[in-house]
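Subject: Structure for your review

Dear colleague,

Please find below the structure that I am handing over to you. I would be grateful if you could read the notes that follow with the model open beside them.

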Amino acid sequence: MFIINCPYCGEREQSEFKAGGEAHIERPKQPTELSDDQWAEYLFMRKNIKGIQFERWVHVHGCRKWFNMVRDTTNDQIHAVYKMGEKPPIK
Amino acid sequence: MPKNLRINSSNFIDETTRVSFKFDGKTYYGFKGDTLASALIANGIHLVARSFKYHRPRGIMTAGSEEPNAIVQINGNTAYTEPNVRATEIEIYDGLEASSQNCWPNVNFDIGGINNILSPLLPAGFYYKTFMWPASFWEKYEYFIRKSAGLGKSPTKPDPDLYEHKYIHCDVLVIGGGISGIMAAKTSAENNYKTLLLDEKPHLGGTTIYQSSEFNKINNQYSSKWLEKEISKLKNIKNLEIKTRTSVAAYHGYNFLLARENLTDHLPLNKKKDKIRQRLLKIRAKKVIAATGSIERPLIFNNNDRPGIILSSAIKKYSDYYGVVCGKENILFTNNDSAYETAISLFNKGIKINAIIDIREKVNSEITNHAEKIGIKIYNSYTIVDTSGYRRIKEVSIMKLSKDGQSVTGSKVKIKCDCLGISGGWTPAVHLFTQSGGKLKFDNEDNVFIPSKYPSDQISIGSCNGEFDLNTIIKNFNQNIKNFLGIDKTSFEDLKINSTKEILKKNIWLLPSDKAIGKCKPFVDFQNDATAKDIKLALREGFRSIEHVKRYTTTGMGTDQGKLGNMHALGIISDTSGVKMSDLGTTTFRPPYTPLTFGTIVGRNVGEFFDIFRKTPMHDWHVDNNAEFENVGQWKRAWYYPKKGESMFDAVQRESKAARDGAGILDASTLGKIDIQGSDASEFLNRVYTNAWSKLAIGKCRYGLMLNEDGMVYDDGVTTRLDENHYIMTTTTGGAATVLGKLEDYLQTEWPELDVYLTSVTDHFATISVCGPNSKKIVKKVIPDLDLSDEEFPHMSFKNAKIDNIKCRVMRISFTGEQSYEINIQANFGKSVWEKCMDAGKEFNITPYGTETMHLLRAEKGFIIVGQDTDATLTPIDLQMDWIVSKKKYDFIGKRSLYRSDTIKEDRKQLVGIVTEDPREVLEEGAQIVADVSKKPVEMLGHITSSYFSPNLNKSIALGVVKGGKNMLGKKLFIPMKNKIINVQVADPVFLDKENKRLNA
Ligand SMILES: [Zn+2]
């Protein structure tokens, strides 16, 4: 079980958090102007990376804030946490 | 008890306290401190089990948690029964009852033993190959397999014991209380680290604590004496907590570990009572020191599994620790020096050693020379080619090994014995290290996998790190622990160590015999009866990956996870396939390290504490009025209120009729309520619901449908505009938490620019719904000041009001199709207002109704229940609710998905009404709907989602989803059931009052 450093609360047990899938996928501003394929790309396609992955988490049993996290899926090391809207601190 | 099997008294056995126990129905005696295994051996009993597949007689093989054979069931048929208990771990207590597993009728005469004779027919993969074909026969095979195999019996009664969970945070966790662990714990605690030391055994000290040998001395004392003093010093150290009988089960990432603390298993029955039996420790450690030791390896040779064949180190422990002799005529068979320690120790106690058989050429180490000097017969470069003795080993046959160790030469020598100690070297216990994500490396010299890359702040020390002699252990300890703890010095740097060093190593994974391998039984996994032959067969049949070989042969898949034989399996694969050990890797060690009881895992979360349950403010009233309850999410909801002698059907029919004829009252407090405020609240609702919200006037209510981004219906409910920038949203009971979570997600991540605040207020309000033609009169009596006229307070509107000066919100909304009022009041007044409504309604026969009646009433009106009539594959269009989807709005969640090529298909499943030809016939929910039963396979068009007998229409009604159902109005379809086919017709889903006259009646 990880220890996650919530950007608002500090270090907490993983059991207080919930994962929310791949980060930095913005909801299209004008969905009606997208083709089926373009919409499907947003709706269904997600990466499942072996290695460094950018993902969304929410401190669901805490401050209930969403934030982003950079995690190495091979060893669960968390390389960064940062607030929504911020640029990833790691490439 | 045969006295001569107990030798010199031991520090660890209390010979003044005799303990009586039963094994296979017979009473025996042991002493306090004995394990079941040591007590049985003291009584001359070695045969304790039958093997899993061949039902071969098996004896106690080890003295620890790695035991593969001596697995027993304890406490018979009582609620306290437990299968798969290792006899080598359970400490005896007065009243303990244990019995053998895997044998019928008994361990000495076992019918399944016939499998041993049939064994040429039972090779690896036999079960897969034979019993899987033809598939229809599986049921028949299964009966026999289950009867003759299986590991013990599950308890049939609830577990009466108490368990609990405990969190522990520490700076340093030390796993293992052998010499390395004790030095580590002492050093850590003395350097101001809050330290926790755990050991699975009842006493600290590991194997060193009974090591009284000239060849292992510290500061000129026996290492046992030196360690004893060190242990006694631990008591005075602050910062140090010690837990024995505590076994680490799992080592997860970020130094999170689970351990089981055994508190009462060693106590007599009368002392166990009312005490916590086992405790699951959830440990978060900043640093972890693994001092988990190593496990002695067996040797793999023909017929190496007879009772009386015991690990050499276990024989030593039985004699040095428990004071019990395993045999009177002993032979040791080894590839390393440690068996010589056993031999010398037994010899010094006057126990006969018939021979040491060493596969190595003549060795010139201090300890081997000593063994020779005292007159022990040593056969160098010999191997055992066979053994004999059915219920106990009687004799071994040995032959000279060829130069390359692959075959045997010369003539056979037979030596008598009643106990054979075997030692194939040592396997570092790296299980926990690998569980934590650590990577191993292979050491070619010792043929061991040892830790190489640590995934967290941890270190392995002592023999689990591949350090086997005392000198190396202490030297490495001082160096490694200083680095690890960031300290300058330890108190163990000036120790004077005498220890022997092994100078000749030789390893043969599978020892040759004079017989062909096909005629031999060299067991690799004793618990699962897998032999070297099986592994070779698997390789011949094309299995390459170690994980596949494991599953095909079942090697390492027993409750012991192959702690003894896994390395040999790898070795044999490596030798046969030519792939280097380092390239093969090991199979994955999975938690728990030793089996855990379910009780430990669930702790206190049993019975009423299994899950949280939520009660409404009126719960006690429902209980007092005989309600049956149903679980909706975590809520207990009143389901129906049977009167004396009423069935559920009767009660629901009565309640449903009363609600439409007079008045009904429902506890709707469980509906999710979300308070929405902010200057962008209307815009927010526009984006999350399919319909438009900007023009909803203050004081009005509107029904809304919420979709997922994929266009599928997600939740529904009525939202009320309380003020310009203030709404109260209701959600389904089950969806409340996920809806709030989803809305928060959008607000925080997609639309942070919106000025909107969400607050869950589900628990703040009690909600009482009064419905029926008399509802207005009843509410008027309860809130006389409120103008309830249709002009002032029409359907779908809301008023603030007061009951006895307590503020409340009244909504005129309806889920039944009747005129109804929903009173929302501060939760703690819920029950008294409910009672007020009951009093006021008495003259109108107000009838409390539960969720079942609510479901029936809404089905008469064709209202959906999200999650019952929908299943995340239905769009609003599929539900024939096109009217609620705004055409004008530019965007809302899920809008774009409503015209994907798939969602616009005409033949999607669509919600329709279904009526039966026979109006008395009530369909089963979930029943399949078809158009043509003659054509096979029958095409399934859909299924029934809701079905009731409507007392108000006096006929059966149902809702269902049907492919292309929208265009099938009036069409005849069929419901094939087990014994009949029911004729039905597609109908309008609104069965009652299509014109909505009753809302204002
Ligand atoms: Zn937080």
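In chain A, 45% of the contacts with a separation of 6 or more are made by residues 24 or more positions apart. Please keep in mind that this is a predicted model.

Chain A

Chain A contains one helix and six strands, and their order along the sequence is β-β-β-α-β-β-β. The C-alpha trace of chain A spans about 45 × 30 × 25 Å along its principal axes. Of its 91 residues, 35% count as buried.

Which atoms coordinate the zinc ion? The donors are the SG atoms of A:Cys6, A:Cys9 and A:Cys63, together with ND1 of A:His59, at 2.0 to 2.3 Å. The angles among these four donor atoms are 105 to 116°, and the site is tetrahedral. For reference, the ideal angle for four tetrahedral donors is 109.5 degrees. Along the chain, the donors follow the spacing C-x2-C-x49-H-x3-C.

Chain B: domains

Chain B is divided into domain 1 (3-117), domain 2 (162-294 + 428-499), domain 3 (298-424), domain 4 (518-592) and domain 5 (862-1000). The centres of domain 1 and domain 5 of chain B, taken over C-alpha atoms, are separated by 64 Å.

Five strands of chain B form an open sheet with antiparallel pairing, in the order 36-37-38-35-39. Strand 36 (701-707) and strand 39 (757-760) of chain B each have a single partner strand, so one side of each is left without a neighbour in the sheet. On average, neighbouring strands of this sheet are turned by 30° against each other, direction ignored.

Within the sheet, strand 37 (residues 713-723) and strand 38 (residues 726-731) of chain B run antiparallel and are joined by four bridges. Here B:Arg721 stands opposite B:Tyr727, which belongs to strand 38 of chain B. Helix 20 (residues 681-688) of chain B packs on the sheet and touches strands 35, 36, 37, 38 and 39 of chain B; its direction makes about 30° with that of strand 38.

Chain B: an enclosed helix

How many residues of helix 24 (residues 851-860) of chain B are buried? Ten of the ten are, so this helix is largely enclosed by the rest of the structure. Among them are B:Thr851, B:His855 and B:Glu860. The buried residues of helix 24 pack against strands 32, 33, 34, 47 and 48 and helix 19 of chain B. After helix 24 of chain B comes B:Gly862, whose phi is positive, near 75°.

Yours sincerely

Notes
Residues numbered from 1 in each chain as written. Chains lettered and ligands numbered in written order. Predicted model: local features only at pLDDT ≥ 70, side-chain atom pairs only at ≥ 80, totals over all residues. Heavy atoms only, no water. Pairing = 2+ DSSP bridges. Helix = DSSP H or I, 4+ residues; strand = E, 2+ residues; numbered from the N terminus. Axes fitted to C-alpha atoms, helices over the stretch in contact; angles between N-to-C directions. Contact = heavy atoms within 4.5 Å. Buried < 20%, exposed > 50% of the residue type's maximum accessible area, 1.4 Å probe, protein only. Donors = N, O, S within 2.8 Å, 3.2 Å for Na, K, Ca; no water. Tetrahedral: all angles 85-135°; square planar, octahedral: opposite > 155°, others 65-115°. Domains from an automatic or database assignment.
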